[in-house]
Amino acid sequence: MAEIDAMLALATSAPFGPVHIELTGETAKRLVPVLAIAPTLSDELVFSPQDLAAVQKLIGRAQKPVLIVGLEARLHARKVRQLAKLLACPVLPTYKAKGVVSDEDPQVVGVFTGGLQEADCIAQSDLMVLIGLDPVEMILQPWRYGKAVCDIAAVTHLVHYVQPDARVTGSLDAILGQLNATLLDYQSGWQPSQWLDIRTQVQEKLAYPPVQYGVAPDRVVQLAAQACADKQILPRMSVDAGAHMFSATAFFPSTRPGDVLISNGLASMAFALPAAIASALDDPTQAVMCFTGDGGLMMCMGELCTAVETQAKIVVVVFNDSALSLIDIKQQSRQLPTRGVRWRRHDFAGAMQALGGLGFSVHNEADYKQALQTALDANGPCLIDVQIDASGYAHQLKAMRG
């Protein structure tokens, strides 16, 4: 029992995450001595004043910093927002940190992935301030930014993409509190018009090209966001791995930390639907918009039964392009034959109806808008099967990752 307690303490201490247990028959039979549970809260609060001073000096000298906000910052939104206001600089959250600084804040100019979409913003800056950035959130590409970096984190990540010029680790709440107190007179070199220009350019680059049929993925997301706003619904969003993730994370606004449920890093398919159900059951008053590809949904179709049985208040939007589009793009880019990534169109709306839920199949924006209205008014799970033209995904991928 003491070992289990120690592992639970480890999983719930920074950096938060799972603990791998390998239990052999021999290990299971042995007697276990009582172990001290570590780390303790007092250990987590410790940080080096010298390290903090180095970070303060680096930020104080910068004229045009940019804030990169990571998942470890989600519990400290108030102080991160205060720091953003003091620095009056662009903010780039990672996928999991969306909402730490509200997407409605004009300082939020895009999403940070380690790819190309944020390159123009960082090129205009003279310092990257990482707050709670876990390297697992970034795509597997070499570090491309030749800028000074300071890292403010709960722990030191031994495997990282960059060696910062200054780093302080420990209680983010305490570090941010002291840092904010020293920056009250900071003068930023950024102008608000520059934030707007960067944000506009990012969204224009990520916009989906005109489609030949169906609904464009960015419009799927924008229309869903608009329908929620019209009904004054502030939903959580769950997102599956796949090409549709580009539009979902770029165009669905998040205003609160923790409102984006996404499996980036491992990028596990079939994540969005069970995550949406779990969220809805955890808080039945909180609606959930679930964006998934058809490939990911086919890996967890049985979860639709769970949604219907529990009457989870979720709206499942299926980007139905009859393909694993992201892998299809990569096969084409390497001039490989198309294998194992395309199939006939399946009727997910019909499957949802057969299970006792509400299902809608749509092929245009008008029908999609109507389906959204009905789905958002429902008291249980709904599924909207949207016909997607996948031809523009390659453009989005290039804009995001290069």
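Predicted model: local features only at pLDDT ≥ 70, side-chain atom pairs only at ≥ 80, totals over all residues.
Let me begin at Asn 320, whose side chain reaches the backbone oxygen of His 346 at 3.1 Å. Asn 320 has its place in strand 9, which covers residues 314-320, and with a relative accessible area of 0% it is buried. If we set aside residues up to four places away in sequence, Asn 320 touches Asp 294, Arg 345, His 346, Phe 348, Asp 385, Val 386, Gln 387 and Ile 388.

One of those partners, Gln 387, deserves a word of its own. Gln 387 lies in strand 11, residues 382-387, and its relative accessibility of 12% is under the 20% limit, so that Gln 387 counts as buried too. Its side chain makes a polar contact with the side chain of Arg 345, at 2.2 Å. Again not counting residues up to four places away, Gln 387 touches Tyr 213, Gly 214, Val 215, Asn 320, Arg 345, Val 362 and His 363, and Arg 345 is likewise on the list for Asn 320.

To take Leu 67 as an example, and leaving aside its neighbours within four places in sequence, we find it in contact with Val 80, Leu 83, Ala 84, Leu 87, Cys 89, Pro 90, Val 91, Leu 92, Val 129 and Ile 131.

Now to helix 8: which of its residues are buried? They are Trp 195, Ile 198, Val 202 and Leu 206, and because they cover an arc of only 70° around the axis, they sit on the same side of helix 8. The face turned away from that buried side carries the exposed residues Leu 196 and Glu 204. As for its length, helix 8 has 15 residues, 192-206, which at 1.5 Å a residue should span 21 Å, and the 22 Å between its end C-alpha atoms agrees with that.

Lys 205 is partly exposed at 38% relative accessibility, and Asp 120 is partly exposed at 35%.

A second salt bridge joins the side chains of Arg 219 and Glu 365, at 3.0 Å from N to O; here Arg 219 in helix 9 is linked with Glu 365 in helix 16 (residues 365-377), 146 residues apart.

Finally, Asp 259 forms a salt bridge with Arg 236, the closest N and O atoms being 3.4 Å apart. Asp 259 lies in the loop between helix 10 and strand 7, and Arg 236 in strand 6, so the pair ties together parts that are 23 residues apart in sequence. Both Asp 259 and Arg 236 are buried, and together with Arg 256 they are linked in a network of salt bridges.

Note on methods:
Residues numbered from 1 in each chain as written. Heavy atoms only, no water. Helix = DSSP H or I, 4+ residues; strand = E, 2+ residues; numbered from the N terminus. Expected span 1.5 Å × (residues − 1). Buried < 20%, exposed > 50% of the residue type's maximum accessible area, 1.4 Å probe, protein only. Arc of directions from axis to C-beta. Polar contact = N/O pair within 3.5 Å; in protein donor to acceptor, adjacent residues only side chain to side chain. Contact = heavy atoms within 4.5 Å. Salt bridge = Lys/Arg side-chain N within 4 Å of Asp/Glu carboxyl O.
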